Every structure is written in C-alpha cells, then in structure tokens.
Amino acid sequence: MRTKSLKKNKINVITLGCSKNTYDSEVLMGQLKASGKDVVHEQEGNIVVINTCGFIDNAKAESVNTILEYADKKEKGIVDKVFVTGCLSERYRPDLEKEIPNVDQYFGTTELPLLLKALGADYKHELLGERLTTTPKNYAYLKIAEGCDRPCSFCAIPLMRGSHVSQPIEKLVKEAEGLAKNGVKELILIAQDLTYYGLDLYKKRNLAELLENLVKVEGIEWIRLHYAFPTGFPMDVLELMKKEPKICNYIDIPLQHISDNILKSMRRGTTKEKTTKLLKEFREAVPGMTIRTTLIVGYPGETQEDFEIMRDWVQEMKFERLGCFAYSHEENTHAFSLEDDVPFEVKQARATEIMDLQSQISWDLNQEKIGQTFKCIVDRKEGQYFVGRTEFDSPDVDNEVLIDASKFYVKTGDFVMVKIIDATEFDLYGEPVA
C-alpha cells in the first residue's frame with residue numbers, strides 16, 4: 001500500500017471574479033508549470049489555490065463560501081492543503097486568518113513569489129508574459145496595467161490593487177507574440193483603466209501607440225478594448241480604430257451613473273452633458289461601433305428623480321450592451337461614510353427596470369441584424385450549437401452567434417462569415433456562408 005507521502009501533488013487553481021483575476025491565475029499556472037509542477041484549472045487536485053475576488057458583496061460571499069468549502073474538504077482529508085490569494089485576501093487577510101484558520105496560508109495580490117515558494121516553486125523572471133491560458137485557444141486577455149489612480153467614491157479596487165502601473169510596450173508586444181504563436185487570434189486588452197495607460201511610463205496617454213505596435217503582431221486578427229474611463233479618454237484611439245481593421249469597433253466604458261448629483265458624489269470627474277458629448281463623438285468618429293457600459297443603481301442619496309434621469313438617458317442613448325448592478329456599501333471607501341439609504345428592494349427593482357429596458361433595446365438592435373452577414377470567431381461547441389461572436393461581442397458578457405451543428409460544421413477557433421437568420425434579445429442565429 002502506497003503511503004500518502006509518495007502521492008504526486010497536483011495543484012488545482014480556482015479563479016473567482018473578473019478577467020484580471022483570470023490573467024493572474026494564468027501567470028501563476030505558467031510559473032508552476034515552469035517549475036515542473038502538475039497544475040490544473042478548476043479540476044481535481046490535492047493542493048488547492050483559490051484566487052479570490054473582494055469587489056462587492058456578492059463576489060465576497062462567493063469567495064468566502066469557496067474558502068469554507070475547501071477548508072472543510074481539508075478537514076475531511078479530501079484535499080491536503082489550501083492556499084488563498086487575490087483581492088479578498090489582500091483586503092481582509094487578518095479577518096480571514098481569524099475566522100477561517102484551517103487555510104494553510106493567505107497571500108495578497110502582489111505576493112506571487114511568496115505564494116510560489118509556499119507551493120515549492122521558484123519565481124522565474126525570464127518567464128516574461130508566459131502563462132497557461134484558461135480561455136478557449138482563440139482568445140486571451142492581455143493585462144496592460146495594474147491598479148488604479150482614480151478617486152471613485154464607491155470603489156475598493158485601489159485598496160486591493162494599489163496605484164496604476166503600466167506595463168512597457170515592448171513587454172506587451174512580446175507577450176502578444178507568444179500568445180499568437182500558441183494560436184490566439186483575439187487579444188482582449190484589460191486594465192482597471194485603459195485610458196490612463198502610459199501616463200506613468202511615458203508621461204502621456206499612450207494607448208494608441210501600444211495599439212499601433214500590437215496590430216503588427218502576426219496571427220492576431222482582433223484586438224478588443226475593455227474598461228476605459230470617460231474622463232481624459234485619448235481620442236487618437238478612435239482614429240486608429242476607424243482605420244485599423246484589427247481593432248474591433250467595440251469599447252467597454254463603465255459610466256456608473258448619469259445624474260449630475262450622483263456623479264459628483266461618486267467623484268467621477270464628469271457630468272451628464274460631458275458624457276453624452278463624449279459618446280456622440282465616439283459614434284461620429286467610428287460609425288457602427290458598439291459601446292458597452294455598466295451602471296450602478298441605489299448609490300447613497302439616489303432619489304427617484306436621479307434614477308429616472310438615468311433610466312430616460314438609457315432609453316435615449318440605446319447602448320448596444322449594458323449591465324446594471326445594485327450598489328454595494330464597501331468599507332474603507334469614501335462612499336462608506338455616507339448613509340446606505342436606498343432600501344435593498346428598491347435597489348433590486350431599479351436594477352430590474354434598467355435591465356428590462358435594455359432587453360427591449362437589445363431585441364430591437366438585434367432584429368436589425370437579420371439578413372446581414374458578419375465575420376464571427378467560433379469559441380466552442382455547446383449542445384447542438386457552435387457558439388461564436390462578432391467583433392461587436394466580448395466573451396461571457398455579450399451576444400453570441402449560434403450555428404446549428406446538426407446542419408453545419410465549423411471549426412472552433414476559426415473565423416467564419418455568418419449570415420444572421422434570426423435573433424432574440426441576446427442571441428443571434430446564423431448560417432455560415434462561403
């Protein structure tokens with residue numbers, strides 16, 4: 001009979017939260033593999049690393065429940081060791097150590113070398129940008145900066161991720177080249193704030209120059225921009241988007257609210273008039289571009305009138321993509337000093353009203369696509385459908401194009417031209433055309 005000490009360790013990395021956490025998990029896994037470790041993502045393993053999210057209440061609850069689940073499995077001997085890293089651990093480590101002591105060790109967001117050491121691996125500096133991607137082979141996230149310098153009153157990100165730090169252009173190009181060699185065709189650029197990119201390194205907003213370099217990478221066909229900020233947006237990016245076919249006509253720009261009273265309290269540094277003007281400039285500069293945004297309802301002091309200003313504005317702007325969240329009262333943020341005075345039920349009702357309105361807008365916009373043909377990338381096969389996306393859709397959050405697998409065969413990871421034959425609020429149905 002084999003003893004426990006002879007068992008080969010397998011490290012299971014579990015990722016919670018946003019795409020930035022996905023990226024961090026991939027870097028961790030790349031480092032572990034380079035040290036000869038057997039590492040998997042969200043499968044079975046006797047050593048578990050949980051990469052947590054600490055952004056809002058729901059995400060924190062999911063992270064805590066996951067830690068408790070694996071601490072219990074450790075207690076029962078199902079797993080041998082449990083390590084916790086990421087934003088929740090960065091923000092609440094003393095509390096977690098006290099409340100869930102059955103975790104072997106907690107690590108913050110900047111302690112990758114220490115975490116690797118605990119896992120019996122060395123941090124290898126020469127692995128610049130190399131990682132084990134967990135996304136479908138055709139797309140990958142490219143984190144161009146860490147942290148945030150914005151003073152938004154409701155946001156705990158700077159507490160967990162620190163100040164804004166841009167990655168050098170040469171490093172990002174090298175990383176993109178490595179991804180392309182592994183079959184990645186679409187880069188999704190992520191940061192807490194893309195518009196700030198380069199200010200620290202190059203003393204100017206330098207997103208356009210980064211894009212000019214990335215479009216030259218052979219094998220990359222789409223580059224998508226996520227998480228821009230509405231103040232100080234570098235307009236030269238729009239000129240590049242218009243003339244450069246590799247840059248998707250798509251931008252994710254979380255606006256959070258539009259009532260001037262709330263924007264001021266949120267410390268967003270903009271107004272309804274300025275934001276509306278900016279979006280009109282976007283649409284004029286790049287006709288047909290898709291704008292994705294996110295909004296918060298139930299922020300402290302939000303009156304029915306503030307909410308109606310936002311609701312009417314959503315109706316007027318007709319965003320192609322929109323998400324809406326109920327405000328979460330976060331410790332150590334500026335807004336935490338305000339009274340969380342909008343009842344839970346009212347927050348939920350307002351969020352539902354915005355999303356119902358957006359469903360109708362999305363339905364109307366999708367009906368207009370019937371009969372049109374789009375270039376799509378095929379991400380996966382699911383049930384009876386191949387699932388793809390147009391350049392106007394980001395994975396996991398936006399519309400999908402469904403191709404009937406009983407009638408057509410397309411290869412996952414490939415680009416195909418697809419004619420849209422039907423549409424619902426959030427799905428398009430299409431047939432490949434030669």
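Visitor: Which residues does Cys155 touch, not counting residues up to four places away in sequence, and what makes that a contact?

Guide: Cys155 touches Phe55 and Thr333 once those sequence neighbours are set aside. Contact means heavy atoms within 4.5 Å, so both residues pass that cut-off with Cys155.

Visitor: What sort of model is this?

Guide: A predicted one, where local features need pLDDT of at least 70 and side-chain atom pairs count only at pLDDT 80 or more, while totals for chains, interfaces and linings use all residues. Residues are numbered from 1 along each chain as its sequence is written, and side-chain values use heavy atoms, with hydrogens and water left out.

Visitor: How do you know that Cys148, Cys152 and Cys155 carry the feature "binding site"?

Guide: That comes from UniProt, in an unreviewed entry; such annotations may be inferred rather than shown by experiment, and feature names are shortened, with positions in the numbering used here. The lining of the largest pocket takes in Cys148, Cys152 and Cys155. On a 1 Å grid over the protein atoms alone, a pocket is an open set of points where a 1.4 Å probe fits, with protein on both sides within 12 Å along at least five of seven lines, and lining residues have an atom within 4 Å of a point.

Visitor: Why is Cys152 called buried?

Guide: Buried means under 20% relative accessible area (1.4 Å probe, protein chains only). Cys152 has 12%, so it's buried.

Visitor: Where does Cys152 lie, and which residues is it in contact with beyond four places in sequence?

Guide: In the loop between β7 (145-146) and α5 (157-161); helices (H or I, at least four residues) and strands (E, at least two) are DSSP runs, numbered from the N terminus. Cys152 is in contact with Phe229, Met266, Arg267 and Arg268.

Visitor: What makes β3 (residues 47-52) and β4 a pair?

Guide: Two strands pair if DSSP finds at least two bridges between them. Six bridges join these parallel strands, so they qualify. Val48 stands opposite Val82 in β4, for one.

Visitor: Why is strand β4 (residues 81-86) called largely enclosed?

Guide: Five of its six residues are buried, so the rest of the structure largely encloses β4.

Terms used. Buried < 20%, exposed > 50% of the residue type's maximum accessible area, 1.4 Å probe, protein only.
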